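Thanks for coming. I will go through a few pieces of one structure, so please have the sequence and the model open.

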Amino acid sequence: MTFKEEIQRRRTFGIISHPDAGKTTLTEKLLLFGGAIQEAGAVKNNKIKKTATSDFMEIERQRGISVATSVLAFIYRDKKINILDTPGHKDFAEDTFRTLTAVDSVIVVIDVAKGVEEQTEKLVSVCRMRNIPIIVFINKLDREGKDAFDLLDEVEQKLGLRVTPLSFPIGMGYDFKGIYNIYEKNINLFSGESKKNIEETIAFDSLESSELENVIGENAAATLRDDLELVDGVYPPFDQKAYLEGTLQPVFFGSALNNFGVRELLDCFIDIAPTPKAKMAEERMVESDETALTGFVFKIHANMDPKHRDRLAFVKIVSGTFERNKPYLHVRQGKKLKFSSPNAFFAEKKEIVDISYPGDIVGLHDTGNFKIGDTLTEGEQLNYKGIPSFSPEHFRYINNADPMKSKQLYKGIDQLMDEGVAQLFTLELNGRKVIGTVGALQFEVIQYRLEHEYGAKCSYENFPVFKACWVEAEDPKNDEFKEFKRIKQKFLAQDKQGQTVFLADSQFSLQMTQQKYPSVKLHFTSEFN
Ligand code: G4P
């Protein structure tokens, strides 16, 4: 296969959802279709279980297990599919945001009864910011849920999407009969109590055919005809270009658990989803079919075994091929590195590979060279645009609890921040260090890991902050900005990249500050240029 054919056959995407909507189940069913696993349950290990939310060691253990399943790859209809795992757990939302920088498209799973939930809204807004092509899968149609049209409205309004259904359910819950595949113009009927198998696929070029009554009954046929007429009248026709540009989102209905509607989704996905895309670097646009390797680190996973403090850096290949034992330039550090055992990911295991292509993810063993956002090239001075940080939700001062170990403490904090466990802010006024996290759980994780991996001890002190906002001055020399810096000095800090951050202590003070200093822009993410 030629280099270009290898690129054309790759589809790298993420499945995102609010916890419990069915992301794990859908992932598993896709792997089953690809023949990559033999039985259901294989991916379940990957899940951070609900019962364990207060037990961070258990979560970390499960995160350890999840290294291998961070990327699930399989072949289906000769296409190489890479599914990037995104933790649904709210406390690991940052991980998910970063993973979204490495996908070429996403599938959003929504529970038919619950509709659009909070976590889905957040994740989809990040995808929209980046114009990532989105397919929506409305799951659990075997249960009673909301009316299909109401749900489509909800998806449009709450997620700000422009949808077009490509499949439509025939009945729901107890009366569920099958799926009309709008994309392929046929009906899949399901059989048996569990409705696990497709009984028959019947092509229906014209829904006016009286055969429809024979197949699904008079009432269902009339309802389906009405529904599809409405679909036709209300929603725009499918347009692949608009989908790829992120301005039109196809919707599928089904039940991952019962395996219906999943094949329709997968077959259409293979046809329409983007192949590895070009990516903007600070210097220039990089096309995926350029022959020189470029890639960037989007995730770092620490080894939980304290005796082997190596980490696995996940690199998304943007262009060229990644070859074992070939030297590559670590652009930020300006040094060449060789990797003797790059890992590739297949189904639920990882293996050493000799060559990987654009769209693929390689896992590189790292002893502290990498941080999230780093770029690798064959020599070109190229930097992929940074991966944005979002305002943390929880903030605490971090203090050194063992003065003999301050070197270890700072090294530990430094490395944990490079991994993206939390964010570090240094107050401008007195140099004190503040840790900001997405979930309260991370404070325990940091304390535990500092002690067990770095031999350092820390303690925390409350620091009431409502939001961290990245500061952009219209003109750093104007009097308004100078006054802002003087008056708000107590609340100003620097993030790890040296950007100025305003730590607002309440919604009120944030609003007042915005009103008083209109030329000072306050951003909720670190990426605003
Ligand atoms: P998540 O990764 O998005 O968090 O969701 P997951 O797939 O784990 O699914 C959450 C729950 O919803 C699971 O039940 C799963 O079996 C169920 N589920 C997924 N798809 C469907 C579907 O199409 N129909 C129905 N009725 N249920 C579905 P659980 O009881 O929490 O877990 P388990 O004990 O079954 O593993």
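Strands here are DSSP runs of E of at least two residues, helices are runs of H or I of at least four residues, and both are numbered from the N terminus. Before going on, the ground rules: this is a predicted model, where local features need pLDDT of at least 70 and side-chain atom pairs count only at pLDDT 80 or more, while totals for chains, interfaces and linings use all residues. Residues are numbered from 1 along each chain as its sequence is written, and side-chain values use heavy atoms, with hydrogens and water left out.

Back to the strands. S6 and S11 (residues 249-253) run parallel and are joined by three bridges; two strands count as paired if DSSP finds at least two bridges between them. Helix H6, residues 148-159, packs on the sheet and touches S4, S5, S6 and S11, and its direction makes about 155° with that of S6. Contact means heavy atoms within 4.5 Å. Axes are lines fitted to C-alpha atoms, for helices over the stretch in contact, and angles run from 0 to 180 degrees between N-to-C directions.

What is the strand order of the open sheet? The seven strands run S2-S3-S1-S4-S5-S11-S6, with mixed pairing. The edge strands, each pairing on one side only, are S2 (71-76) and S6 (163-165). From one strand to the next, the twist averages 25°.

Next, strand S14, residues 294-302. Nine of its nine residues are buried, meaning under 20% relative accessible area with a 1.4 Å probe, protein chains only. S14 runs antiparallel to S15 (residues 311-319), with eight bridges joining them. Ala 302 is opposite Arg 311 in S15. S14 also pairs with S23, residues 375-377, in the antiparallel sense over three bridges. There, Phe 296 stands opposite Thr 375.

Last, a helix pair. The axes of H11 (residues 406-419) and H12 (residues 441-454) come within 10 Å and cross at roughly 120°. H11 and H12 are therefore oblique to each other: angles under 35 degrees count as roughly parallel, over 145 as roughly antiparallel, 65 to 115 as roughly perpendicular, and the rest as oblique. Residues meeting across this contact include Leu 409, Ile 413 and Leu 416 in H11, and Ile 446, Leu 450 and Tyr 454 in H12. That is what I have.

Key
Buried means under 20% relative accessible area, exposed over 50%, partly exposed in between (1.4 Å probe, protein chains only).
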